[in-house]
Amino acid sequence: MKIGMVGLGRMGGNMAKRLVKHGHQVVGFSVSRADVDAAAKHGIEPAYSLAELVQKLPSPRIVWLMVPAGAPTEQAVRDAAALLSKGDVVIDGGNSNFKDDVRRGKELAAKGIHYVDVGTSGGVWGFERGYCLMVGGDRNAIELLTPIFRTLSPGRGDVAPSAGREGRKSTAEDGFLHCGPIGAGHFVKMIHNGIEYGIMQAYAEGLDILRSAAKPHVPADQRYDFDLADITELWRRGSVVGSWLLDLTAISLAQSPNLEEFSGHVEDSGEGRWTVQTAIEEAVPAEVLTAALYTRFRSRQEHTFAEKVISAMRKQFGGHVEPKKP
């Protein structure tokens, strides 16, 4: 298939390269001309304006947006819709609020343009590992886009389906899923990220307790000097707390046991806040996810080793860099 990719940064650029690697044609546009030129070296057809990108696509034209959530996405959707026609598709693969998807979907539907929201997880490792895709939109558009989703997702690989799934007809085992109508994809991704906050906080606090066992005020016969790089490596093997986030933590601690290069200032992308807000709207208790979000707020005032662990994880899975000290 041929698709237009708008936004060629860490995620969009790697997604475009993965599509090309597996036989799709990609036209790429970014506000950064340097990103377009760099992408062209990997077989991505360059476009130096959104109009040029749309002009190079066959009908029905498919435009995938990988730009920052909020105002940049709003502008990109409006600009794309002005250039597209009935039957074309706009995909928002960023971290938008699902409520914005619902509104934008109605606006584009009035013009006969399909709107699809895709919660995309995989970070800077997605080019090699594939991306977990949580998809919202109407079924006809999803069917059109399935070859793209199948290429971007990890596929079944050597991960066996969970016991009891026999007979289910689902693409979940392939790493992508049509979760429901417009907004459903980003809703699922929002909760995914909210859970991610909680998991990261649990690892971070546990490792901080282990590290603090060596402090002078601890009774001498209860004092331990743990090698956290070895402990996280140990937990990767047969432990019930194993996960990819633990894998990334083990990498960080092996590279820098004390994480000196991290201040512990932990940002939040917004989806943790939306998760908590949605929990309030639904009257669902979410103590762990709320506490994890508030701890990130506190991290910007004072920093502990736990926050350094979270900063290290964020850099590993998403390439997120701490803001520079003022």
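What follows is a chat that sets labels against their cut-offs.

Me: Before the labels, what kind of model is this?

Reply: A predicted one.

Me: How do you know that the structure has zero disulfides?

Reply: Take Cys-132 and Cys-179. The cut-off for a disulfide is a sulfur pair within 2.5 Å. The closest cysteine sulfur to that of Cys-132 is in Cys-179, at 8.5 Å, so that is too far for a bond. Looking back from Cys-179, the closest is Cys-132 at 8.5 Å, too far again. The count of disulfides is therefore zero.

Me: Why are those two cysteines called partly exposed?

Reply: Partly exposed covers the range between the buried and exposed cut-offs, under 20% and over 50%. Cys-132 has 35%, so it is partly exposed. Cys-179 has 29%, so the label holds there too.

Me: What makes the peptide bond between Ser-59 and Pro-60 cis?

Reply: Its omega is about -5°. Pro-60 lies in the loop between helix 3 and strand 4. For background, most peptide bonds are trans.

Me: Why is the phi of Leu-259 worth a flag?

Reply: Most residues other than glycine have a negative phi. Leu-259 is not a glycine, and its phi is positive, about 50°. Leu-259 sits in the loop between helix 10 (244–255) and helix 11. Its relative accessible area is 1%, so Leu-259 counts as buried.

Me: What is the phi of Ala-283, and is Ala-283 buried or exposed?

Reply: Phi of Ala-283 is near 55°, positive in a residue other than glycine. Ala-283 is in the loop between helix 11 and helix 12. With a relative accessible area of 68%, it is over the 50% cut-off and so exposed.

Me: On to the inside. What makes something a nonpolar core?

Reply: The members are buried nonpolar residues joined through side-chain atoms within 4.5 Å. The largest one here has 28 residues, and Met-5, Trp-64, Val-116 and Phe-149 touch the most other members. Elements that give two or more residues to this core include strand 1 (2–6), helix 1 (10–21) and strand 6 (114–121). Helix 7 gives the most, with six residues. A second, separate core holds 22 residues, including Leu-207, Leu-210, Ala-229 and Leu-246.

Me: Which residues does Met-5 contact, its neighbours within four places in sequence left aside?

Reply: Among them are Met-15, Leu-19, Phe-29, Leu-53 and Trp-64.

Me: Why is one space called a cavity and another a pocket?

Reply: A 1.4 Å probe fits in a cavity but cannot get out, whereas a pocket is an open set, so that is what separates the names. The count is one cavity of 30 Å³ or more. The largest cavity has a volume of about 40 Å³, and its lining includes Phe-262, His-265, Arg-314 and Glu-322. That lining divides into three nonpolar, three polar and two charged residues.

Me: How many residues line the second largest pocket?

Reply: There are 17, of which Val-6, Gly-7, Phe-29, Val-31 and Val-67 lie nearest its centre. The volume of this pocket is about 260 Å³. Helix 4 (residues 71–83) gives the most to the lining, with four residues. By type, the lining holds ten nonpolar, five polar and two charged residues.

Technical notes:
Residues are numbered from 1 along each chain as its sequence is written. This is a predicted model: local features need pLDDT of at least 70, side-chain atom pairs count only at pLDDT 80 or more; totals for chains, interfaces and linings use all residues. Side-chain values use heavy atoms; hydrogens and water are left out. On a 1 Å grid over the protein atoms alone, a cavity is a set of points where a 1.4 Å probe fits but cannot get out, and a pocket is an open set with protein on both sides within 12 Å along at least five of seven lines; lining residues have an atom within 4 Å of a point. Grid points are joined across faces, edges and corners, and a volume is the space filled by probe spheres set on the points. Ala, Val, Leu, Ile, Met, Phe, Trp, Tyr, Cys and Pro count as nonpolar, Asp, Glu, Lys and Arg as charged, and the others, Gly among them, as polar. Buried means under 20% relative accessible area, exposed over 50%, partly exposed in between (1.4 Å probe, protein chains only). Contact means heavy atoms within 4.5 Å.
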